[in-house]
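Dear colleague,

Please find below the structure that I am handing over to you. My notes on what was found in it follow directly after.

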Amino acid sequence: MTTPSLFCFGLGYTGVRLARTAITRGWRVAGTCRSAEKARALRMLGIRAIPFDGERASPEVKDALAWATHLLDAIPPGEDGDPVLRLHGNHLEALAGSLKWVGYLSTTGVYGDCGDDWIDETRTPSPATLENQRRLDAESAWLDLGARTATPAHIFRLPGIYEPEGRSAIDSLESGRARRIVKPGQVFNRIHVDDLVAVLLASLERPRAGRIYNVADDEPAPADKVLSYAAALIGVDPPPEPFAEAELSPFARHFYAKCKRLSNDRIKRDLEIQLRYPTYREGLRAIAEACTGTGTLPAPVEPQT
Ligand SMILES: NC(=O)c1ccc[n+]([C@@H]2O[C@H](COP(=O)([O-])OP(=O)(O)OC[C@H]3O[C@@H](n4cnc5c(N)ncnc54)[C@H](OP(=O)(O)O)[C@@H]3O)[C@@H](O)[C@H]2O)c1
């Protein structure tokens with residue numbers, strides 16, 4: 001049996017987490033990054049890191065793709081669309097049949113504003129921004145390539161990812177970057193990076209060509225509630241004043257204007273996923289316990305809403 005080999009376009013937070021797990025399972029892993037410093041760090045982890053800046057095709061990427069059995073695209077699209085398909089689409093076409101699984105990391109932003117509805121993957125996307133339209137175009141392009149080349153392609157629509165190494169409400173409080181955003185009635189989901197990696201691995205093990213998955217936790221919640229919970233866990237006060245809407249970036253203003261209640265039934269049904277962190281409470285507690293090194297922390301009491 002050949003050794004399974006993962007190629008990851010965009011070794012960022014998610015790509016590296018998936019790569020590290022794959023290596024512990026005996027996989028070969030290669031992928032791209034944009035700086036020499038990052039490439040050095042990735043090589044220390046046993047990952048074959050190849051420079052790829054999204055501007056020009058890389059002969060080294062082309063060679064490495066030839067031995068890949070599984071491929072993840074974690075690079076966001078730019079003005080010219082998905083750089084992977086634009087620059088290496090022809091090489092991927094030529095691999096027809098040899099890739100056992102392809103995953104594309106997208107965003108739940110493709111759904112647009114959904115009011116109070118629960119959204120599953122059968123919902124017709126309605127992107128409200130150019131960026132989200134580009135995402136939807138990239139999704140379609142990957143699904144088309146998969147269908148044309150008999151390659152099982154999958155789309156993973158992600159809400160905000162949080163994780164223990166620098167991206168959570170706890171980090172933003174500790175670094176002084178936390179902003180209290182109070183938007184009555186506005187809720188959205190999140191996903192802990194470990195649960196995201198578990199979903200990707202489960203899909204790798206049971207490819208289903210053309211399948212789209214919402215990768216989200218169980219509980220859409222307001223930003224303010226999550227920040228207050230994180231603050232109580234680490235024993236600090238959240239910022240006293242709500243952040244003025246006028247100071248939000250255009251992206252953030254757009255984001256906080258929308259509600260999104262994501263259904264995650266499909267990952268549970270198709271992939272038998274049992275979330276390790278079903279809500280922000282379990283996820284943030286695990287991060288706080290790791291940060292403080294104090295073992296199990298008591299669960300903060302939350303106000304009734
Ligand atoms: N983080 C979230 O909350 C969230 C939510 C929804 C969707 N997503 C999407 O899900 C995917 C993975 O998320 P993530 O948080 O793991 O991403 P990330 O940490 O930002 O990693 C993205 C990777 O893509 C590379 N990259 C970015 N633009 C590139 C370009 N033009 N050409 C070549 N490489 C490029 C980055 O290179 P460098 O390492 O050199 O920077 C990085 O390795 C991304 O597409 C992201 O937009 C993320």
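I begin with the ligand. A polar side-chain atom of threonine 14 lies 2.7 Å from an oxygen atom of the ligand. Arginine 167 also places a polar side-chain atom by a ligand oxygen, at 3.0 Å, while in alanine 74 a polar backbone atom is 3.2 Å from an oxygen atom of the ligand. The ligand exposes 900 Å² when taken alone, and the protein buries 77% of that; such accessible areas come from the Shrake-Rupley method with a 1.4 Å probe, and for residues only the protein chains shown count as cover.

Before going further, please note that this is a predicted model, in which local features need pLDDT of at least 70 and side-chain atom pairs count only at pLDDT 80 or more, whereas totals for chains, interfaces and linings use all residues. Residues are numbered from 1 along each chain as its sequence is written, and side-chain values use heavy atoms, with hydrogens and water left out.

The shell around the ligand holds 22 residues, and the closest are Tyr13, Thr14, Lys38, Arg135 and Ile161; a residue belongs to the shell if one of its heavy atoms lies within 4 Å of the ligand. By class, 10 residues of the shell are nonpolar, seven are polar and five are charged. In this classification Ala, Val, Leu, Ile, Met, Phe, Trp, Tyr, Cys and Pro count as nonpolar, Asp, Glu, Lys and Arg as charged, and the others, Gly among them, as polar. E5 gives the most to the shell, with three residues. Helices (H or I, at least four residues) and strands (E, at least two) are DSSP runs, numbered from the N terminus.

The largest nonpolar core has 33 residues, of which Phe156, Leu200 and Val215 touch the most other members. A nonpolar core is a set of buried Ala, Val, Leu, Ile, Met, Phe, Trp, Tyr and Cys residues joined through side-chain atoms within 4.5 Å. Among the elements that give two or more residues to this core are strand E1 (5-9), helix H1 (13-24), strand E5 (101-107), strand E7 (153-158) and helix H7 (193-205). Helix H7 provides the largest share of this core, seven residues. Leucine 200 is in contact (heavy atoms within 4.5 Å) with Thr14, Leu18, Leu72, Trp101, Leu105 and Phe156, leaving aside neighbours within four places in sequence. A second, separate core of 25 residues includes Phe7, Val61, Ala138 and Ile212.

Where does glutamine 274 lie? Glutamine 274 is in the loop between H10 and helix H11 (280-292), and threonine 279 also has its place in the loop between H10 and H11. Glutamine 274 counts as exposed because its relative accessibility is 74%, whereas threonine 279 is buried, with a relative accessible area of 8%. Buried means under 20% relative accessible area, exposed over 50%, and partly exposed in between (1.4 Å probe, protein chains only).

The side chain of threonine 279 makes a polar contact of 2.6 Å with the side chain of glutamate 282, and a polar atom of the threonine 279 side chain lies 3.0 Å from the backbone nitrogen of arginine 281. A polar contact is a pair of N or O atoms within 3.5 Å; within protein, one must be able to donate a hydrogen and the other to accept it, and residues adjacent in sequence count only if both atoms are side-chain atoms. Not counting residues up to four places away in sequence, threonine 279 touches Tyr162, Asp217 and Glu219.

Three further residues complete these notes.

Proline 125 sits in the loop between strand E6 (118-119) and helix H5 (130-149). Proline 125 is partly exposed, with a relative accessible area of 25%, and touches Val110, Tyr111, Leu136 and Arg157, apart from residues up to four places away in sequence.

Histidine 91 belongs to helix H4 (residues 83-94) and is buried, at a relative accessible area of 18%. The side chains of histidine 91 and histidine 88 are joined by a polar contact of 2.8 Å. Beyond neighbours within four places in sequence, histidine 91 is in contact with Lys62 and Leu65.

Arginine 253 is found in helix H9 (residues 250-255) and counts as partly exposed, at 34% relative accessibility.

With kind regards
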